[in-house]
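Please read them with the structure open.

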Amino acid sequence: MELRQLEYFLMVSKLKSFTRAAERLYISQPAVTNAIHGLEEELGIQLFDRSQKQIVLTSEGKVFYRHVDNVMKGVSKTLLEINNLKNLNGGSLTIGLTNFGGLEAGTDILHQFSKIYPSIAVTIIEKNLFSLQQDLLEEKIDAAIFFDSANPAFTHILLGSSELALCCCCDHKFRHKNSIDWQSLGGEKIIMSKNSNFFRQYIKESIDKINPQPEFIFGPTHVQTIKSLVASGAGISVLPRKLCETDTRLVTISFSPQIYMPSYMAYKNVKTKSHAAEAFIMFVKKFVAEGVDLL
Amino acid sequence: MMPAIAAVGSNQLIANEICLLTENMLNSKVPVSCFRTDEIKTSPLLDFYICAPTQYEKLCHTISPKNLFIFELIPTSTFFLKIARIPAESTVYVFNNLLPYTQTLIAYCHSLGITGLHFEAIAYESMEESEISFHLKKAEYIIGVDRFVGSEALLSPHYRQYLRDDVRIIAAKRTASVRSSCVFLHALAVFYYTQAEHKYNQLLQSASLTEASALAMKELAFKTDNAINMIRTASVQIIANQIDLSAKESTAEMPDYAAHSIAEEDIPYFARIVNDLLLTFAILNKKLEYISK
């Protein structure tokens, strides 16, 4: 006997049709028919009366259906998963990143994970924080890396912190400063993504104290656009240091005191996940606890 | 990595029943010893003890609850299918030593939609002999747990004399419920996982780049692979047992690393395989933990 035979039997019983059961199970109708035949032979009874237009359970079939339904209730899906769990050589994983999410820890993790599990296909999608949270809730993605840790529907694993720095063009008046305080930004034009509400919120308290208030301009979506606009002298921006310090067109200046923004890997609190998602979560936990060298 | 497992029963019959169930679940890959409850105090300490619910109270004073597991015993599908074939309106006698389990069996039948029969209980340890013989003489259909309707009780000379020639006896082969089986299986999986992880860390720490270390790592990969395969097959067998069928054993394909030659520089290669298997095992444990709750 195989678990799938019972799964097919339950589906055919519920839908009263081999064809519809096959459609629902995404397999061919002969596969369902053969599996049920095999089960009937092993049991030595006829489970379905096929003489009618619509198939019906025989009286013994009804008893068997109730028994199997009781036995499989609440465990069938997980037992099937266990049965299919041969190894992790396969599967797919979709990871969401925010515009600023693909930083150090996040990219290191993805790189190392792909090295260890080359057969798991990893797809990255980039969206703003709100969309990623929506996707996580709807289980369109397996995990996401972003800066927020407030949503109780998710488990958050702290990956690390990124320093936020001011960046300006090479001939900006701030260019020679080693550090800068928020008050110095009074009246400046700040280029910041419209989608990074959380990011803006994170530094809001510091910005609110600036007098006169800086002006937020353009609101581009992509980091590259922000950097290009800054490089052209259109304004200044506040970005994770790692995103702009290697850009020779830009000058990166730390705030005084320095500010850091934590990044998290988040996944939805659900009881069952794909093997690939389970593997990724365990990998990240181990990565965070032990570091890449120990993996 | 082999765990020591004991099946415990109030008498040898029950101990044997639990022993067979456990061996069957584990596809006879792990030996199981049998003990009566009164023998446990003097027996050596083992990793797992499995008993029926009635023995738990007595045993939990001697055995740590983390080593003690219950198998809730329930009849298989075949038993109910045979009862379903009895003509409607017939009177069916439920034969057992005590009354409560007869009620349990009747309730199981009703819950499965077997409602067209009249059930009468015969609890031979709590009824007068005259009442028992009165019922048995009339009985055309008798159902009950196999050890009570077999040669030890119903078919013993004592009761056999009362039975009709055309009596039809339906014996229930019992099996452990899915939930109680999963609790044990999860603990067993954790046992194997912990052993494998411990050995893995030991081998990594020894860090001697010798052929023997590479061989030890390869052997650990094999053992871990086998343990995973056994637990996976057992998880299907748990369901198959309910239906009185055999689970098809998971085909243990020869892993790629089996053909890999042993050389000292291969330690990282085998270590990576063990690491991968441990992760698979950890996921398997998590899934078992979920269904055993």
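1. Which side chains of chain B meet in a salt bridge at 3.6 Å, N to O? In this predicted model, the pair is B:Glu39 and B:Arg36. B:Glu39 is partly exposed, at 26% relative accessibility, and B:Arg36 is also partly exposed, with a relative accessible area of 30%.

2. B:Asp166 is bridged to B:Arg164, with the closest N and O atoms 2.8 Å apart. B:Asp166 has a relative accessible area of 47% and is partly exposed; B:Arg164, at 30% relative accessibility, counts as partly exposed. In chain A, A:Asp135 and A:Lys127 meet through their side chains at 2.7 Å, N to O. Here A:Asp135 counts as buried, at 6% relative accessibility, whereas A:Lys127 counts as partly exposed, at 33%.

3. Over all chains, the structure holds 15 salt bridges. Between chain B and chain A the count is 2. One salt bridge across the two chains joins B:Lys286 to A:Glu278, where the closest N and O atoms are 3.5 Å apart. Polar contacts across the interface of chain B and chain A come to 6 residue pairs, both residues at pLDDT 80 or more.

4. On the side of chain B that touches chain A, the elements giving two or more residues are helix H3 (77–84), helix H8 (178–206), helix H9 (211–243) and H10 of chain B. H10(B) gives the most, with 13 residues.

5. The contact between the chains involves 40 residues of chain B and 41 residues of chain A. The two chains bury about 3,900 Å² between them, and 67% of this is on carbon and sulfur atoms. B:Leu112, B:Arg232 and B:Lys287 supply 17% of the area that chain B buries against chain A, more than any other three residues.

6. B:Lys287 deserves a separate look. B:Lys287 lies in helix H10 (residues 267–292) of chain B. Is B:Lys287 buried or exposed? With a relative accessible area of 4%, B:Lys287 is buried, because buried means under 20%. Leaving aside residues up to four places away in sequence, B:Lys287 touches A:Thr78, A:Glu81, A:Ile82, A:Lys273, A:His275 and A:Glu278. One of these, A:Glu278, is the salt-bridge partner of B:Lys286.

7. In chain A, helix H2 (residues 18–25) has A:Phe18, A:Ala21, A:Ala22 and A:Leu25 as its buried residues. These residues lie on the same side of H2(A) because they cover an arc of only 100° around the axis. The buried residues of H2(A) pack against helix H1 (3–15), helix H3 (29–43) and strand S1 (48–49) of chain A. The face turned away from the buried side carries the exposed residues A:Glu23 and A:Arg24.

8. The two ends of H2(A) can be checked as well. At the start of H2(A), a side-chain oxygen of A:Ser17 reaches to within 3.2 Å of the backbone nitrogen of A:Thr19. A:Tyr26 follows H2(A) and has a positive phi, near 60°.

9. As for the division of chain B, the domains are domain 1 (5–71), domain 2 (77–172) and domain 3 (178–292). The C-alpha centres of domain 1 and domain 2 of chain B lie 28 Å apart.

Note on methods. Residues are numbered from 1 along each chain as its sequence is written. Chains are lettered from A and ligands numbered from 1 in the order in which they are written. This is a predicted model: local features need pLDDT of at least 70, side-chain atom pairs count only at pLDDT 80 or more; totals for chains, interfaces and linings use all residues. Side-chain values use heavy atoms; hydrogens and water are left out. Domain bounds come from an automatic or database domain assignment. Buried means under 20% relative accessible area, exposed over 50%, partly exposed in between (1.4 Å probe, protein chains only). Helices (H or I, at least four residues) and strands (E, at least two) are DSSP runs, numbered from the N terminus. The arc is that of the directions from the helix axis to the C-beta atoms. Contact means heavy atoms within 4.5 Å. A polar contact is a pair of N or O atoms within 3.5 Å; within protein, one must be able to donate a hydrogen and the other to accept it, and residues adjacent in sequence count only if both atoms are side-chain atoms. Buried area is the accessible area (1.4 Å probe) that two parts lose on being put together, summed over both. A salt bridge is a side-chain nitrogen of Lys or Arg within 4 Å of a carboxyl oxygen of Asp or Glu.
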